[in-house]
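Please look over the structure shown here, with attention to its pockets and to one of its helices.

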Amino acid sequence: MNGAQSMDAGQRYAGTLRILHWLIAVLVLMTWPLGQMIGFVKDDVKLDFYLIHESLGFLVLWLMLVRIGARLTSGAPLVEAPPLEKAAAHVVHGLLYVFLIVMPVSGFLATNAHGFPLKWFGLFTVWSPIGKSPEIAFTLSAIHTWSAWIILALFAFHIAAVVFHHVIRRDGTLYRIL
């Protein structure tokens, strides 16, 4: 029996939260590199990269909103840990939630402010509260870019904590989200 199977339901996150966690993780791990690659691809495919990057990012936004709702209604399993460790986990998770909202919102608004409305996966144009607004486009783009780097740093802390708990402490922390 593996660690996830041996845990009781009160020690694991709700199934919805576990699915959303991994789905969002996969989407971010696809979206982030795509965004980084846009500056290096040929002009004839650049718009395709933007379309996929923006569409995936917009999907992350909506899945994060669903995740927040699910988290508020289902809660989290209790954790036995030193107070400083609990505080660090809460801060990193809280900041991940914040920046996984800020990043797609700022990217979506930046795209619109630069004069390019989002056509989600080429299917339909997404309404935006702002139109072409060059005076704020740079600021929104900067927020989006900084958010991406902050998420990368938070992701690194998150993975380091996973490795620490799973490899060094050998506790069941990882199994709570599997």
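## The largest pocket

Four helices, α2 (15–37), α3 (43–74), α4 and α5 (134–169), each contribute at least two residues to the lining of the largest pocket; helices (H or I, at least four residues) are DSSP runs, numbered from the N terminus. This is a predicted model, in which local features need pLDDT of at least 70 and side-chain atom pairs count only at pLDDT 80 or more, while totals for chains, interfaces and linings use all residues. Residues are numbered from 1 along each chain as its sequence is written, and side-chain values use heavy atoms, with hydrogens and water left out.

A pocket is an open set of points on a 1 Å grid over the protein atoms alone, where a 1.4 Å probe fits, with protein on both sides within 12 Å along at least five of seven lines, and its lining residues have an atom within 4 Å of a point. The largest pocket holds about 1600 Å³ of space, a volume being the space filled by probe spheres set on the points, which are joined across faces, edges and corners. Of its 48 lining residues, Y13, A89, H93, H158 and T173 lie nearest the centre, and α4 gives the most to the lining, with 11 residues.

## The second largest pocket

The second largest pocket has a volume of about 870 Å³, and among its 31 lining residues Y50, H53, E54, T111 and H144 are the closest to its centre. The largest share of this lining, eight residues, comes from α3.

## Helix α4 and the residue after it

Helix α4 has 31 residues (83–113) and should span 45 Å at 1.5 Å a residue, which agrees with the 44 Å between its end C-alpha atoms; the expected span is 1.5 Å times one less than the number of residues. Just after α4, G115 takes a positive phi of about 100°.
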